[in-house]
Amino acid sequence: MRVPMALQGISVVELAGLAPGPFCGMVLADFGAQVVRVDRPGTRGDLSRMGRGKRSLAVDLKQPRGAAVLRSLCARADVMLECFRPGVMEKLQLGPEILQRENPKLIYARLSGFGQSGRFSRVAGHDINYLALSGVLSRIGRSGEAPYAPLNLLADFGGGGLMCALGILMALFERTRSGKGQVIDANMVEGTAYLSSFLWKTQQTGLWGQPRGQNMLDGGAPFYATYRTADGGFMAVGALEPQFYELLLRGLGLKSDELPSQMSITDWPEMKKKFADIFAKKTKAEWCQIFDGTDACVTPVLTFEEVTHCGHHKDRGSFIIDSEQDVSPRPAPQLSNTPAVPSSKRDPFVGEHTEEILKEFGFSQEEISQLKSDKIIESNKPRANL
């Protein structure tokens, strides 16, 4: 018997967009929500490849009758998720005032770059811009070099998609008390800034007293860095505590009484060179043999090709394979009673489920055929392979 998932019975309408929105919708779908992705007719679908567990309805929202279709869906949905710039939904007569008037229980999630108000709210941007405006980008980078963005993970997916999912869950919980939905103003800048609260709260502790790239946690310390191995791989070192640092030195064949103090900042550059020279003499596999099972906080930097073969991940089933043999991380966190059971099916084609979704929401076959004939909706059912 299949165990119900945590969000079973929650209906989500997600307007197709770029990475952060689809990720938020995928998280909800992975944990059991019924997510309908609303695509524009004629588009190629979710280029971010985050359609897992969703169904696709293709409708032209710029047409008044198309907007009416969306209003019909939202009248019965729990959550509406949109990622447009502020003002776009209002122009389409699909703003929260209208939709929540028709459905007071609707949670209207707005995920944007800069927020629904403020002087930057209507301008374009990407992860690196949001990261820059949050203040976080100024703290990331090597000493003496320009700041650099760590891929597009922090703002898009951490501060954006994941924070938006958190907001939706909190609003769903609050609705159990008030019976009312609310509007969520989630944005990448403030979400990323909030993620960086530790940096703000520790400013006066001395942890960030040196220039960028010369502090303990930003690449300055020899015991918190990555090192190249003899075979071109890398090892990650995070031996912050004295007892762990001692085990690191032991694994490297060094003696602490012959070295400067761990926290002697002036000696860090020289110690990094010493550690680098030692790590370069053995392969990644050899270093794994030395440090595996110890508390030295030394681990291999696994490539995407290596990570699925890692024994620890195999023990936990941390990665999953879908019907197209693509590998991806299993949804996290694990819930003991209602764990996520992500769909193993391929992502939906644009408009693949248009007709079945409209029927579920009360549209007759005659109405569907007329909408299709008038090019308000698009239906693209896959052809069976004979």
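Predicted model: local features only at pLDDT ≥ 70, side-chain atom pairs only at ≥ 80, totals over all residues.

Visitor: How far apart are the end C-alpha atoms of helix α10?
Guide: Helix α10 has twelve residues, 268–279.

Visitor: Which residues of α10 are buried, and what arc do they cover?
Guide: The buried residues are Trp268, Met271, Phe275, Ile278 and Phe279. They sit on the same side of α10, because around the axis they cover an arc of only 95°.

Visitor: Which exposed residues are on the face of α10 turned away from its buried side?
Guide: An α-helix has 3.6 residues a turn, so residues three or four places apart point the same way. The buried residues of α10 pack against β7, β8, α9, α11 and β9. The face turned away from them carries the exposed residues Glu270 and Lys273.

Visitor: Are the rings of phenylalanine 23 and phenylalanine 157 stacked or edge-to-face?
Guide: The structure holds ten aromatic pairs. In this one the ring centres are 5.5 Å apart and the planes stand at 90°. Planes over 60 degrees apart count as edge-to-face, so the pair is edge-to-face.

Visitor: Which element gives the most residues to the largest nonpolar core?
Guide: This core has 33 residues, and Cys164 and Ile168 touch the most other members. Elements giving two or more residues include α1, β4, β5 and α6. With seven residues, the one that gives the most is α6.

Visitor: What does isoleucine 168 contact beyond four places in sequence?
Guide: Nonpolar side chains tend to be buried together in soluble globular proteins. Isoleucine 168 is in contact with Cys24, Leu28, Val79, Ile107, Ala109 and Ile184.

Visitor: Is glutamate 352 buried or exposed, and which side chain makes a polar contact with its side chain?
Guide: Glutamate 352 is in the loop between β11 and α14. Its relative accessible area is 13%, and buried means under 20%, so glutamate 352 is buried. At 2.9 Å, its side chain makes a polar contact with that of arginine 346.

Conventions
Residues numbered from 1 in each chain as written. Heavy atoms only, no water. Helix = DSSP H or I, 4+ residues; strand = E, 2+ residues; numbered from the N terminus. Expected span 1.5 Å × (residues − 1). Buried < 20%, exposed > 50% of the residue type's maximum accessible area, 1.4 Å probe, protein only. Arc of directions from axis to C-beta. Contact = heavy atoms within 4.5 Å. Core = buried A, V, L, I, M, F, W, Y, C linked by side-chain atoms within 4.5 Å. Polar contact = N/O pair within 3.5 Å; in protein donor to acceptor, adjacent residues only side chain to side chain. Phe/Tyr/Trp six-rings, centres within 6.5 Å; stacked < 30°, edge-to-face > 60°.
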